Amino acid sequence: MKPLARYAALNGYVDLCRSLGIDPAQLMRRAGLDPASLGLQDRWIPAAAVARLLEQSAAASGHQDFGLRLAESRRFSNLGPLSLVIREEPDVRSALRVLVRYEHMYNEALRLRLSLANGAATIRVGLELGEPAETRQSVELAVSVVHRLLHGFLGPHWRPLAVCFTHRPPEDPATHRCAFESAVTFDHDFSGMVFAATDLNEPNRMSDPLLRPYAQQILEGFEPSKDAAVLDRVRELVELLLPTGRCSIEQVARSFGVDRRTIHRHLADCGETFSSVLNSTRVDLAERMVDGRRYSLTEIAELLSFSAPSNFSRWFRTQFGCTPSQWRTRRQGTPPSVMSPPGGRRRPAGRGGLTAERA
């Protein structure tokens, strides 16, 4: 399946765009991403779309160092649950091993490799997006994030022996030299950095040995089974595809880079079908949209990929026991419990549920 990344990968993106005089919302839409979802840091999106966005943003701003500038806003906490465990590792070596082992929790396209030779440690950084795409900005962002992480562990005076990139040098490498404070080589055979192997033995001053087992348990709790992870991502893709009118099992399968049978198999292992996932996602979205005032009922019908408002109204009555207009009217000043769907909770249609009329 095509790898995904979290919206957390774009932390600081909006502020950087505005400081450079470019429109972040317009660029995100052009890359196929939803600006309104930036606040949902743990939502998964195609990693290739993130790479495209960063390249387009660099071109629009005229700054070839866009990825490095974005890295400046990164904090240790941006790694999410992973930061809890890395912070409690006893030394730099074990912290990097955790980062390499659990890289997929942050970005499935990211590939980190740590090797030792001749007294030097080398971290290689790569991206496997599942499709052809320019990765200059994404790679520079990733290398810079790792550099900042090591800088935090080893102190303000630490310097790598070398920083390398496979791509060609920018017109002005001043930002690169300033960011890494050491020699930067371009047109190299790998992207990453080289530093003294003895640095790996440096103790982690933030670590508390008594907290380490608890931190590891927290991390393990964040790792769902493979099928459950696929189910969550199918739901997120359905939510993204519904407004486009192209929400189908075929389109979801293409987004994952697999055939439809593979998607069906993973969903079946979770006791779901594509129809049941589609319907439950519609239920959640419909309740939120009808509750709000941003969209008319006709617009909501279109956003949920119904071919006509009447079809949406019939489906809504089946799910909630009233029409969308009745729901919207009664919610004005009516306690939520009074307006709950029949049975006191949402009722996804399950295996017998409706599918998208335009799917």
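These legends describe close-up views of one predicted model.

Residues are numbered from 1 along each chain as its sequence is written, and side-chain values use heavy atoms, without hydrogens and water. Because the model is predicted, local features need pLDDT of at least 70 and side-chain atom pairs count only at pLDDT 80 or more, while totals for chains, interfaces and linings use all residues.

**View 1. Strand S7 pairs with S4 and S5.** Helices (H or I, at least four residues) and strands (E, at least two) are DSSP runs, numbered from the N terminus. Two strands pair if DSSP finds at least two bridges between them. S7 spans residues 192-196, and four of its five residues are buried. Buried means under 20% relative accessible area, exposed over 50%, partly exposed in between (1.4 Å probe, protein chains only). S4 (residues 120-127) runs antiparallel to S7, joined by five bridges. Ala-120 has Ala-196 of S7 as its bridge partner. S5 (residues 162-164) is also antiparallel to S7, over three bridges. Here Ala-162 is partnered by Val-194 of S7.

**View 2. S3 and S4 form a hairpin.** Eight bridges join these antiparallel strands. Leu-116 has Ala-121 of S4 as its bridge partner. Two residues lie between the strands, and Asn-118 takes a positive phi near 55 degrees.

**View 3. Leu-150 and Phe-195 touch the most other members of the largest nonpolar core.** A nonpolar core is a set of buried Ala, Val, Leu, Ile, Met, Phe, Trp, Tyr and Cys residues joined through side-chain atoms within 4.5 Å. Among the elements giving two or more residues are helix H5 (81-88), helix H6 (92-101) and strand S3 (110-117). Helix H7 gives the largest share, eight residues. Contact means heavy atoms within 4.5 Å. Beyond neighbours within four places in sequence, the contacts of Leu-150 include Val-92, Leu-96, Ile-123, Trp-158 and Phe-195.

**View 4. Helices H13 and H15 cross at roughly 100 degrees.** The axes of H13 (residues 274-291) and H15 (residues 309-320) come within 11 Å. Axes are lines fitted to C-alpha atoms, for helices over the stretch in contact, and angles run from 0 to 180 degrees between N-to-C directions. H13 is therefore roughly perpendicular to H15; that label covers 65 to 115 degrees. Val-283 and Ala-286 of H13 are among the contact residues, as are Phe-312 and Trp-315 of H15.

Conventions: Angles under 35 degrees count as roughly parallel, over 145 as roughly antiparallel, 65 to 115 as roughly perpendicular and the rest as oblique.
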